[in-house]
Amino acid sequence: MAERKVLNKYYPPDFDPAKIPRRRMPKNQQIKVRMMLPMSIRCSTCGNYIYKGTKFNSRKEDVIGETYLGIQIFRFYFKCTKCSAEITMKTDPQNSDYVVESGAARNFEPWRAEDEVGEEEQRKREAEEMGDAMKSLENRTLDSKREMDILSALDEMKSMKSRHAHVSVDSMLEALQRSAPVQQEEEDKLEEEDEALIKSIFQGSREFVRRIDDDELDDNDDDTITKEHEASLGDEDESGGSSSGRIVLKSSTVKFSVVKKSSEAKTQQINEEEEKSRKSNGLESLCQQYDSSDEDD
């Protein structure tokens with residue numbers, strides 16, 4: 001068992017390799033190989049889609065009479081995974097790709113269309129420059145201009161990158177802190193201007209009359225109100241007017257009036273007078289009763 005794993009085998013001294021018979025292989029013999037599908041295709045027989053990377057067993061052969069710059073072109077035969085119809089494709093060394101010959105159709109690939117358009121433009125340009133020296137000079141001028149623009153853009157990007165490389169997080173925070181007070185001052189200034197504008201619109205030359213409730217009058221200082229009331233009464237007596245107990249305060253922008261209730265002394269005096277009148281009325285009624293009883297007797 002160990003002899004089959006050895007690397008060096010025994011050759012007898014009378015061994016002659018020329019006496020070994022050679023097998024004659026056909027020139028275009030097919031070889032079985034296992035490979036992966038290099039592109040996505042659609043079977044023409046059943047319409048099944050076979051995607052790129054699908055593994056299958058295939059037969060490979062040389063394409064007789066077709067080469068590209070001395071490179072041999074190969075053909076592959078394989079079967080559809082659903083209907084087992086035979087599909088053939090061959091290599092394309094010119095474009096480093098594969099070409100489907102029969103049995104299927106290749107799916108649309110947008111990048112291949114772009115490449116084809118570029119190749120078509122290149123062929124068209126070469127055909128134009130073939131007999132026209134001025135056209136070739138113009139094309140070369142445009143190419144050099146385009147290259148200069150690209151180089152200038154690259155230099156600008158490099159300079160921008162170098163500027164950004166020297167900027168650190170600490171420096172950015174310091175710059176923000178320096179700019180913050182200036183922005184705050186500008187915002188405060190704008191707010192003040194807005195408030196002044198609003199005041200000028202809504203508080204121009206209009207006068208407002210404010211009415212004071214009785215509760216507010218009761219909470220005020222009694223001495224101050226009584227002094228103002230006495231002063232107003234004195235002014236009215238001198239002028240010959242009637243005192244109504246109303247204090248009118250005027251200013252250039254605000255006008256309001258204060259009406260003073262009767263003082264507590266007045267109310268006490270009125271109550272005493274009412275009680276005296278009641279008592280006198282009671283005495284008079286008693287006297288009348290006594291007089292009427294004497295007359296009856």
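**Annotated cysteines and salt bridges**

Let me start with Cys-46, which is partly exposed because its relative accessibility is 32%, between the 20% and 50% cut-offs. Bear in mind throughout that this is a predicted model.

Cys-46 sits in the loop that runs between strand E2 (41–43) and strand E3 (49–50). Which residues does Cys-46 touch, not counting those up to four places away in sequence? They are Cys-80, Lys-82 and Cys-83.

Cys-83 is in another part of the chain, the loop between strand E5 (71–79) and strand E6 (86–92). Its relative accessible area is 30%, so Cys-83 is also partly exposed. With neighbours within four places in sequence left aside, the contacts of Cys-83 are Cys-43, Thr-45 and Cys-46.

An unreviewed UniProt entry lists Cys-43, Cys-46, Cys-80 and Cys-83 under "binding site". The four are spread over 41 residues of sequence, yet they cluster in space, with a largest C-alpha distance of 8.9 Å.

Now the charged pairs. How many salt bridges does the structure hold? The count is ten, and I will show three of them.

The side chains of Glu-61 and Arg-75 form one, at 3.3 Å from N to O. Glu-61 belongs to strand E4 (residues 55–68) and Arg-75 to strand E5, so this pair ties together parts that are 14 residues apart in sequence. Are these two residues buried or exposed? Both Glu-61 and Arg-75 are buried.

Next, a pair within a helix. Glu-129 and Arg-125 form a salt bridge in which the closest N and O atoms are 3.0 Å apart. Both lie in helix H1 (residues 110–129), four residues apart, or about one turn of the helix. Glu-129 is partly exposed at a relative accessible area of 25%, and Arg-125 is partly exposed at 26%.

Helix H2 (residues 133–165) holds the last pair on my list, Asp-143 and Arg-146, three residues apart and again about one turn of the helix. Their side chains meet in a salt bridge at 2.9 Å, N to O. Relative accessibility is 21% for Asp-143, which counts as partly exposed. Arg-146, at 47%, counts as partly exposed too.

One last item concerns shared partners. Which residues do such salt bridges join into one network? They are Glu-61, Glu-66, Arg-75, Lys-90 and Glu-101.

Technical notes: Residues numbered from 1 in each chain as written. Predicted model: local features only at pLDDT ≥ 70, side-chain atom pairs only at ≥ 80, totals over all residues. Heavy atoms only, no water. UniProt positions renumbered as here; feature names shortened; annotations may be inferred. Helix = DSSP H or I, 4+ residues; strand = E, 2+ residues; numbered from the N terminus. Buried < 20%, exposed > 50% of the residue type's maximum accessible area, 1.4 Å probe, protein only. Contact = heavy atoms within 4.5 Å. Salt bridge = Lys/Arg side-chain N within 4 Å of Asp/Glu carboxyl O.
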